[in-house]
Amino acid sequence: MQLRLFPPTAGLDLSLTEHGGAPCRARRKMERPVSTRRPMHVVLHSERARGAWSLRKHQRSVNNALRACAKRSGVRVYDFANVGSHLHLLVRARRREDFQAFLRAFAGIVAQRVTGARKSRPLRGGRFWGALAWSRIVAWGRDYWGVRNYVFRNRIEATEGPGIRRAYEHGPAP
């Protein structure tokens, strides 16, 4: 019998647990890793979400879209932060197809509500979401609580500004 000192996920290559974002443009043909037993940290980022298109200005629409898409696809949302230019989600899906449907529908609905684009009136100047949605499988325990804390800090930064986040992380200035 062999004694295991580390959990099975400790030695996994990051490419097996995360996918997407701007650095992954060359690796789009790889399948997105999805776990049905663990939560996933998902980040949707938009360079065009500034000014009138800021995601913070459309907070209610984004929240309603998140609630509706999660309920429709059976995805459980553990945590969520709307930072203005990007969204952080900590979600768990029971099936790969449910997660894919959720991600596709949520990203599309948010882009439509923020920009006002419709089928007959497409968005000019390119896509709203600049890159693929970044996602990473999160292990239960310390990793899960670390991501929850990270999403919380992003929510604080969005509402109070970056100075509050720095004070929260490093303590008061001398």
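Which residue follows α3, and is its phi positive or negative?

**View 1. Helix α3 and the residue after it in the predicted model.** G161 comes directly after α3 and has a positive phi, near 105 degrees. Helix α3 covers residues 142-160, 19 residues in total, and its first and last C-alpha atoms lie 26 Å apart, close to the expected 27 Å (1.5 Å times one less than the number of residues). Helices (H or I, at least four residues) and strands (E, at least two) are DSSP runs, numbered from the N terminus. Buried residues in α3 include Y144, V147, V151, R153 and N154 (buried: under 20% relative accessible area, with a 1.4 Å probe and protein chains only).

**View 2. Strand β4 and its two faces.** In β4, residues 86-92, seven of seven residues are buried. In a regular strand the side chains alternate between the two faces of the sheet. One side of β4 carries H86, H88, L90 and R92, the other L87, L89 and V91, and all are buried.

**View 3. The strands paired with β4.** Strand β2 (residues 40-45) pairs with β4 in the antiparallel sense through six bridges; pairing requires at least two DSSP bridges between two strands. Here H41 is opposite L90 of β4. Strand β3 (residues 76-82) also runs antiparallel to β4, joined by six bridges, and N82 is opposite L87.

**View 4. The β3-β4 hairpin.** Three residues separate β3 and β4 in this hairpin, and G84 in the turn has a positive phi of about 110 degrees.

Residues are numbered from 1 along each chain as its sequence is written, and side-chain values use heavy atoms, without hydrogens and water. In this predicted model, local features need pLDDT of at least 70 and side-chain atom pairs count only at pLDDT 80 or more, whereas totals for chains, interfaces and linings use all residues.

Note on methods
Buried means under 20% relative accessible area, exposed over 50%, partly exposed in between (1.4 Å probe, protein chains only).
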